[in-house]
Amino acid sequence: MRLLSHYLNVFSLVVAFLLWHSVALAQTSASPSAEAAEYMIYQYPGMTLVVIVDVREAEFDTRITGPEGTLVSEANVPGRLIGPVYQYIAAVDTPRQLMVEVRPQQKVQRSRISMKLLQFPRQDPNAQLQAKAYRMLSHGMERVYRPSGATWAERTSSLRNAARVFASMGNEEMQLWSEYYAAHLVLHGVGDVLLARERARRVYTAARRAGLPAIELLAALLEAESLMREAERSVGEQATARYEQAHPLWEQVAAMAEVLGFENERGRSLYRDGIAYERQDRLDSAIERYEQALAVIAPGPDQELLNTVRATAAAAYERSGSTSGALGLLEDITGDLSERDEAAMALELAHNLYERGRLLNETFRFAEALPVLERALTLRQRHGASEPWGPTGLELGRSQFALGDFDTALNTLNDALLRTPRARAGERYRALGALASIARDQGMHAEAAEYRRRQEGAAWAEVGRAAFLYESAMDARARGDSAEALRLLGDARTEAKGRDRLTEHRAGLQRCLLLRVSGRGSCTPQQVRESLAVLKRSGLPSLEVEAGLAWVQLLQREGQTDQARDEVNSLLDTVQFYRERLPGVIVHWHAVNRGELFSAYLELARGVSALETLRALEYIRRLEGIVPQERSPEDAVRTAVQRAMTAQPTAIDVPSRQAHGAIRRFRERADWGNARPTTADIRAALAQLDRRTSVLAFDFSGERVHAVTASQEGARLHRLADSARTRTRLDEAWAAIQAPEAVVEPLLDRLGADLLEPLADVIGDTILLMPSGPVNGFPLDALRVEGRFLAVRHRLVNIDSVIGIQPALEALSSDFGLQVFLAGNPRAGRELFSYGVTTSREIDAVRDRFVGDGLHIVQGVALRGDEFQDGRYANASLIHLTMPGRVDLAHPDDSRLLLSGERERPTADFLRPADLRSIPVRAELAVLGGTAFVDRKAPYFASQLGLLHDLNQAGASRVIASLWPLDDERSATFMEAFYDRLVQEKDVAKALHDTRKALLDAETGPNLVQWAGFQLFIR
């Protein structure tokens, strides 16, 4: 009776405690927290306590402290996610309050934490027998600060002793809990997989017989974990056998967890089964399991587990060739991390962004990788002071290098190298190679040699010794040392023999070309054709086009111009295909070598006719303006190319053949046709021009500038001034035009004499200029012939293409101006934090001429990106933007227009080229009134104009842009006069010309800046 009374007292205390505990939880369960949950309990004199804590499906520590924070007990079971933790507290002689602190190792809802309290009177022998069993059980769960095999063995022994005592009392449930935890520590502490598996099987059988499903589940889970550990330590057939044994166990655990409502464990078991399949290289089965696991875990609260599975699945997708699947999962992780506190999640988010960027780089999506890696680097630098950010910087520099942004890449890579551990030798070796290539391309030969010296000293250099010698030979060739280049190419071939077949043939083909160019000999046709065939079938697009260019140059040197012409056209088609349908695979090669490629093409074209030269210039513009198609190839094609690129030289043959086959099959079924214009297309376009209109194009690729003039009557080729000298004078004139007090007329006279005077008899009243290189974004009609500006006697219109030009020269429609989108940033140049109402005279000038229901005006703080998603922008016949902006001539995608900030977020936002391309418009005219054209270091053939061409591609048939910004007063004066004429005449070219000419005629002083900066560009 006394014993029954005692247990009733214990039961009452537990019930009372749980009632209090439920109130505390009800107050806090709404918010997830990884912080400790604290509970206060009371220990009476002579009373032994057992605290039972459980956090559903989460690992945790418990810490019990007494008065003044003295430590009483601390418990942790490594690897435990299901099942309670028991802590024994010995009886004391005086009463005391105890604090129980539960610390989950991840964020959990407070409702997932439960606690029970058992009391055993010290004077009751029967109660103390139970207390003894709990003491041994608790000892096995105490936190271990200096773990060793002996420590874990001693803990395991204590748990087994507890099981014996519970068995002697007939408490089968606690006996099996003790046996289970003993087996758990055998695996997770002692590391004995065979003994753990044997004991887990025994516990499973007993728990199944006793009807204890939770212990049955955990025993099956432990057996599966033991099999996985054993498989990891085995090789060959034994490992395979253990993984095969684990599969049905994982399925069983998942099914039992579902019945018991352990959804995380169900998902985790499916995930671990996927890992087993992946380690057997059964990727399809692994991915299927990962997808099943994600479907189970995603609705739950465990974001850490969800993101772990996503990351593993992403790697499996990558291995299987499904890049899109991998990127999708990594983007999901980024989204989850971004929604949480950035400071807390910064390094995890930075790591995930780094992985996304790395994967994008590996699959040649460098433009997509760039913003991802920039964000990753910012997070690393802001929050990761204890961790080097160098590897992230190297990956970012790789993107910049591949995209041809050499100046930025040079700085990024150099900074990142200082912060990259030397242990990451492979990444350092690649970065130093990129730096050497940049220095070579920019003519910094001493710097290139120093980077090569450092690269050669890297431990990883021996892996690619032949390739290193080949690049060193290209350095020597670039600095004009043919003898050294030939020697290094010979060394590269010798080093590559039998080890690196592709480098052997690369070096052989370049050696043949260099021998021919330097007059030191030649190779046999058989040698050349063998190397050419091997490289074209390499499955590596950059080697294919590199070999094609070398072959064209060899044919030119040998005087086989007809064959060279056929080959260069075929090569350009290949370049177009890769840039359009497999974007990224030759992006760096194209950035570095397009000068040589286009020079060879234009030289061959000039040897045929003026019409052929005009056709070549037209085709080059199309190639430069390629926007990758949405119908990109399936991941298998990119993956095949990537595997060929990353294969060891001695094992390249199989992946090379697979990549070549994948590309060939894709090209055959890609619904792809080259965009090469024909001379018939050019003739047909010229025939539509009126008698007073002519086409003008310049070619700066040779030693002399060549000009092509064309009209109804045909085309003529003109050999003009020295090319290098003319480029220098154009740059000087550009700087002088915008410099206060500069005397610019003599420069404009010399340039007019060089470029225009020889053409005076053949150019019409209207000149359709196809600008490229130094005249791209230059006011050519500001040049002077016989002391007069070209703009006085000729209308000049910049065109993107000869073919299909006629519609854009026609008058505007009768309903032009009924729908107008007018946007400006009147705060430009003013105090950023001033939010008073301000006006712009230019905005007022446009508004006053198009007043009506169809006028839509956005300015000031309202000027945000979402305004351009509005139908009033898309459907406007006139788009006028007074937003400050830059048109970057060297890097068109870096162009931008300034949007407005907000009161809460006043930093600048921008409208970029990709934004404009993505919004179809119907505008007959778009005006950019505040742009400045910058960075004239563009290549001689560059013809793309960021923002302008993007508006053209979006649907705007005509664009007027300012080459340099004017103040609001002068810009408004120009626009008032221009729109007054345009409303009357509906002819954009004529209205612009008449406005400029009126300013010239009314000149009271130097006003070139006032009229010459507004230029018309038509699609």
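Reply: What follows is a set of questions and answers about a predicted model.

Me: Why is Arg 201 called partly exposed?

Reply: Arg 201 has a relative accessibility of 35%. Buried would require a value under 20% and exposed a value over 50%, so Arg 201, at 35%, counts as partly exposed. As for its place in the chain, Arg 201 belongs to helix H5, which covers residues 193–210.

Me: Which residues is Arg 201 in contact with, leaving aside its neighbours within four places in sequence?

Reply: With those neighbours left aside, Arg 201 is in contact with Glu 223 and Leu 249, where contact stands for heavy atoms within 4.5 Å. A separate value concerns Ala 219, which is 18 residues from Arg 201 along the chain, with 6.8 Å between the two C-alpha atoms.

Me: What makes helix H33 roughly parallel to helix H37?

Reply: The axes of H33 (residues 841–849) and H37 (residues 968–985) cross at roughly 15° and come within 7 Å. Angles under 35 degrees count as roughly parallel, and therefore H33 is described as roughly parallel to H37. The contact includes, among others, Arg 841 and Arg 849 on the side of H33, and Asp 968 and Tyr 979 on the side of H37. By type, the residues of this contact divide into five nonpolar, two polar and seven charged. The crossing of the two helices is right-handed.

Me: How do you know that strand E18 pairs with strand E19 and with strand E22?

Reply: Pairing asks for at least two bridges between two strands. Strand E18 (residues 885–888) is joined to strand E19 (residues 896–898) by two bridges, and these strands run antiparallel. Between E18 and E22 there are four bridges, and there the strands run parallel. Arg 886 has a bridge partner in each of these neighbours, namely Arg 896 in E19 and Ala 932 in E22.

Me: What makes E20 and E22 the edge strands of the sheet?

Reply: The sheet is open and has four strands in the order E20-E19-E18-E22, with mixed pairing. Strand E20 (910–911) and strand E22 (931–934) each pair on one side only, and they are the edge strands.

Conventions:
Residues are numbered from 1 along each chain as its sequence is written. This is a predicted model: local features need pLDDT of at least 70, side-chain atom pairs count only at pLDDT 80 or more; totals for chains, interfaces and linings use all residues. Side-chain values use heavy atoms; hydrogens and water are left out. Buried means under 20% relative accessible area, exposed over 50%, partly exposed in between (1.4 Å probe, protein chains only). Axes are lines fitted to C-alpha atoms, for helices over the stretch in contact, and angles run from 0 to 180 degrees between N-to-C directions. Angles under 35 degrees count as roughly parallel, over 145 as roughly antiparallel, 65 to 115 as roughly perpendicular and the rest as oblique. A crossing is left-handed if the near helix is turned anticlockwise from the far one by less than a right angle, and right-handed if clockwise. Ala, Val, Leu, Ile, Met, Phe, Trp, Tyr, Cys and Pro count as nonpolar, Asp, Glu, Lys and Arg as charged, and the others, Gly among them, as polar.
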